[in-house]
Amino acid sequence: MRALPASVDAVVTFFNEGTAAIRKTLEALLRQERPFSTIFLVDDGSTDPVATGVFGEYPNVQWLHNEVNMGISFSRNRVIQLSTAEYIACINIDVILHPRWTTELIRLLEQDPGIGCVFSRMEPEKNNLLSAWRFRFHEQKYNLPSGEVKFAPGHAVLFRRCELLSAGAYNPALKRVGEDYDISLRLQKSGLNTWYCNKSLSVSIQQDTLANLSRKQMVRITGNNLETMTGEVFFRRSFRIFLSRVMRNLGKGRLLFLPIDVIVFVRGFNYFKKAKEKLKFNNPVTVCS
C-alpha cells in the first residue's frame, strides 16, 4: 500500500493588518498543489481585531488570538506546539506563494535529511523605485544558485516540525527582528543546513510607501530594544546607516535613491520618538511618596 504524503501546516501571524492583505495571503496558501492540512492565522493582539466571520468560507483555517501583542516568535511557537504535521511553513502577511511552493520545498527536505529549513527566492510584485529601494536595503539579497546559506529570511520558510521543537523553537524574546537568523543558527549548531532554492516561488505584495519604509527602518534599528534604546543611540545608528547608504548610492550612480535615503532617515527618527512616547503613555511611571 502506498504511504500517504506527509502533512504540512502553515502559520501566518499578523498585527493590525487589513482584511484585504490577509485574504490575498490566505488565498495563495489555499491554492497550493500540495495543500496545507491546516492554516493557522494568529492575530497577535491587534488593536482593531479582524472580524474572522468574513473568512468563514475558507476550509481548513484555524484562528488564534493573543490578548496582547506578544511578538512573532511567541505566535509561531503557539502553532508549532499545536500542530501535528510533519512539516510546518512560517509565512508572513503580504507574501504570495506560487502554487508549487510546498511541492518544490518539501521535495528538497525529503531528498536531503541534512537540510533543516528551506526557502525560495522572493520578488516584488511591482518594479517601482520604492520597491527597488526596499529590495536593495531591507531584504536579504540572494543572487546565487540554489545551495546552503547562512540563514533563511522569515518571509516564507519551511521546516520539519520535529526539528524546530528539538532546537527549542523560536526565541520568544526576539519579538520583532532577529528570530529568523536565531533559529537558523540553532538548527545549524545541531548539524542541519539552511537551504536556498533559487526558483522564484514567492512574491512580495507589500505596499511600499515612504511611511512604511521609514517605520520598517525604525524597527530594524531598534530591534528588540525599543524600551531601553535612547534617542542618542538611535540617532547614531540611524545616521551611520544613512551615511553608508548615501555613499554607496553615489558610488553606484543610484541617484534616484538619494531622496528616499534622506526621507527614511528623517522620518525614521520621528517614528522612533512617537514609539517612545506611546510606550511612556502605556507604561506611566508611578512615583511613591
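## Reading a predicted model: a friendly walk-through

Author: Welcome! Let's start with one residue. Setting aside neighbours within four places in sequence, Asn-193 touches Gly-114, Ile-115, Gly-116, Cys-117 and Glu-148. Please keep in mind that this is a predicted model.

Reader: Where in the chain's secondary structure does Asn-193 sit?

Author: Asn-193 belongs to strand 9, which covers residues 193-204.

Reader: And how do I read its exposure: is Asn-193 buried, partly exposed or exposed?

Author: The general idea is a scale with two cut-offs: buried is under 20% relative accessible area and exposed is over 50%. Asn-193 has a relative accessible area of 24%, so it counts as partly exposed.

Reader: Let me try the scale on another residue. What is the relative accessible area of Arg-136?

Author: Arg-136 has 33%, so it is partly exposed. You will find Arg-136 in helix 4, residues 129-137.

Reader: How should I read distance along the chain against distance in space?

Author: Take them as two separate numbers. Arg-136 and Arg-176 are 40 residues apart in sequence, and 20 Å separates their C-alpha atoms. For Asn-193 and Gly-268, the figures are 75 residues along the chain and 35 Å between C-alpha atoms.

Reader: Which residues line the largest cavity?

Author: Its lining consists of Gln-217, Ser-238, Ile-241, Phe-242, Arg-245, Asp-261, Val-264, Phe-265 and Gly-268. Sorted by class, that lining has four nonpolar, three polar and two charged residues. Helix 8 (231-252) and helix 9 (258-282) each contribute at least two residues to the lining.

Reader: Now the whole chain. How many helices and strands are there?

Author: The chain has nine helices and nine strands.

Reader: What does the radius of gyration tell me about the chain?

Author: The idea is to set it beside the value for a compact globule. With 289 residues, such a globule would have a radius of gyration near 19 Å, and the chain has 20 Å, which agrees. The C-alpha trace spans about 70 × 55 × 40 Å along its principal axes.

Reader: And what share of the residues is buried?

Author: Buried residues account for 46% of the 289 in the chain.

Conventions
Residues are numbered from 1 along each chain as its sequence is written. This is a predicted model: local features need pLDDT of at least 70, side-chain atom pairs count only at pLDDT 80 or more; totals for chains, interfaces and linings use all residues. Side-chain values use heavy atoms; hydrogens and water are left out. On a 1 Å grid over the protein atoms alone, a cavity is a set of points where a 1.4 Å probe fits but cannot get out, and a pocket is an open set with protein on both sides within 12 Å along at least five of seven lines; lining residues have an atom within 4 Å of a point. Helices (H or I, at least four residues) and strands (E, at least two) are DSSP runs, numbered from the N terminus. Ala, Val, Leu, Ile, Met, Phe, Trp, Tyr, Cys and Pro count as nonpolar, Asp, Glu, Lys and Arg as charged, and the others, Gly among them, as polar. The radius of gyration is taken over C-alpha atoms; the globule rule is 2.2 Å times the number of residues to the power 0.38. Buried means under 20% relative accessible area, exposed over 50%, partly exposed in between (1.4 Å probe, protein chains only). Contact means heavy atoms within 4.5 Å.
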